[in-house]
Amino acid sequence: MTWLERLYPVLKPWLFRLDAESAHTLTVKMMVISHKLGLIQSVAPAAPRAPVECMGLSFPNRLGLAAGMDKSASAVEAWAALGLGHVEVGTLTPRPQPGNAKPRLFRLPEHDALINRMGFNNPGIHSAVKRLEKRRTKAVVGVNIGKNFDTANDAAVNDYLYCLKAAYPVADYVTVNISSPNTKGLRDLQAEEAVRGLIGALKKEQASLQQEHGKKVPLLVKIAPDLNDMQIEALARVFNEMALDGVIATNTTIDREAVAGHALAGETGGLSGAPVRERSTLVLQAFRMLLAERIPLIGVGGILSGDDAREKRRKGAELVQIYSGLVFRGPALIREVLAVD
Ligand SMILES: Cc1cc2nc3c(=O)[nH]c(=O)nc-3n(C[C@H](O)[C@H](O)[C@H](O)COP(=O)(O)O)c2cc1C
């Protein structure tokens, strides 16, 4: 165990005394400073090198940071130095926006869970692109894109096209987020006809950007865990038809059954961490059975141990991502997951 892994359990009770969003902001600031001072590099676990080819990209390993942790692409190098093989930044929207009123992030430590209703607080796609132009990391960087809160659903395609064009030169892959529960109506874009129109337009744009930039940037869709069987079948049908490059399963859940009775269970937003694990893995497995073999899946939702990551791999995930697990387990989780093939 490195002293970085030992440090987190000591810091955690102090961080957990702060409200969840302040603790998050402080931790990311500390990481960026530690990275600038060369401290993370000297103490981070030597990541086992197990490169994986996926979607035409070479990932240093199978583990990545899920979207939402680094919404502004401000700490990509630091995350990579911790051993993560890919970092998904965002969600980014065309224009900057402040997100919902605070408090908007809650811890449910008894369940190893978080509830958030951040609402795509982000500095806008151009700010992130500027930062990514200067990146020096070997980690794969995904750019997760969404629509502004005040863009109507029938104009949403313009927001996604705008972000795709802006991100294309600097992104290794682009994720279309249509599964956040915190932007009104966003999940309606998962309906069959809506998704066909949206992905059709984005795939067309991807083809012309490929010509223009001489590189193919894979296009992925991130889906919700709260889809029923019919919705899953419809989405898989569209993804196969459109030759989508990958699917990320899943975002947070609006279901509260697993945390019923908790004082914070009634907070509006998406639930993540241990309570979403089972549903998220079921949705992953269902997509694996329905999607064409050449469309890879990235498994995310409730990974708090190496065994959880192994289960996602067994159910069809090529790559995995973590968010809540990092809050509750710290960097020790990274080494544990990297040990899983
Ligand atoms: C505070 C918070 C903010 C998030 N923001 C985003 C986001 O902006 N875009 C997105 O696609 N997913 C977002 N997510 C969802 C995560 O990427 C992930 O899909 C989800 O939390 C399940 O993984 P976990 O159980 O490992 O946390 C967010 C999650 C949390 C907890």
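Thr-93 counts as buried, because its relative accessibility is 0% and the limit for buried is under 20%. The model described here is predicted. Thr-93 belongs to the loop between S4 and strand S5 (105-108). Two polar partners of its side chain can be named. One is the backbone oxygen of Arg-95, reached at 2.7 Å. The other is the side chain of Asn-122, joined to that of Thr-93 by a polar contact of 2.8 Å.

The loop between S4 and S5 also holds Arg-104. Arg-104 has a relative accessibility of 6%, so this residue too counts as buried. Its side chain makes a polar contact of 2.8 Å with the side chain of Glu-21. Pro-103 is another residue of the loop between S4 and S5, and the peptide bond that leads from Lys-102 to Pro-103 is cis, with omega near 0°.

Most peptide bonds are trans, and most residues other than glycine have a negative phi. A further cis bond runs from Ala-249 to Thr-250, with omega near 10°. Thr-250 is placed in the loop between strand S10 (246-249) and S11.

Positive phi values can be looked at in the same way. Met-55, in the loop between strand S1 (52-54) and strand S2 (57-59), is not a glycine but has a positive phi near 55°. Met-55 counts as buried because its relative accessible area is 19%, and the limit is under 20%. Phe-120 is also not a glycine, and its phi is positive at about 55°. Phe-120 is found in the loop between S6 and helix H5 (125-133), and with a relative accessible area of 4% it is buried.

The next topic is the ligand. Where does the ligand sit? The ligand is in the largest pocket, surrounded by 23 residues. The closest of these are Ala-67, Thr-91, Lys-222, Gly-302 and Ser-324. Sorted by class, the shell has 14 polar, 7 nonpolar and 2 charged residues. Strand S4 (86-92), strand S6 (113-116) and strand S11 (270-273) each contribute at least two residues to the shell.

Some distances between the ligand and the protein can be given atom by atom. The side chain of Thr-91 has an N or O atom 2.7 Å from a nitrogen atom of the ligand. An oxygen atom of the ligand lies 2.6 Å from an N or O atom in the side chain of Ser-324. For Tyr-323, a backbone N or O atom is 3.1 Å from an oxygen atom of the ligand. On its own the ligand has 600 Å² of accessible area, and the protein covers 98% of this.

Technical notes:
Residues numbered from 1 in each chain as written. Predicted model: local features only at pLDDT ≥ 70, side-chain atom pairs only at ≥ 80, totals over all residues. Heavy atoms only, no water. Near = heavy atom within 4 Å. Polar contact = N/O pair within 3.5 Å; in protein donor to acceptor, adjacent residues only side chain to side chain. Areas by Shrake-Rupley, 256 points an atom, 1.4 Å probe, with all protein chains shown as cover. 1 Å grid on protein atoms, 1.4 Å probe; cavity = no way out; pocket = protein on both sides within 12 Å on 5 of 7 lines; lining within 4 Å. Sits in = over half its atoms within 2 Å of the grid points. Helix = DSSP H or I, 4+ residues; strand = E, 2+ residues; numbered from the N terminus. Nonpolar A, V, L, I, M, F, W, Y, C, P; charged D, E, K, R; others polar. Buried < 20%, exposed > 50% of the residue type's maximum accessible area, 1.4 Å probe, protein only.
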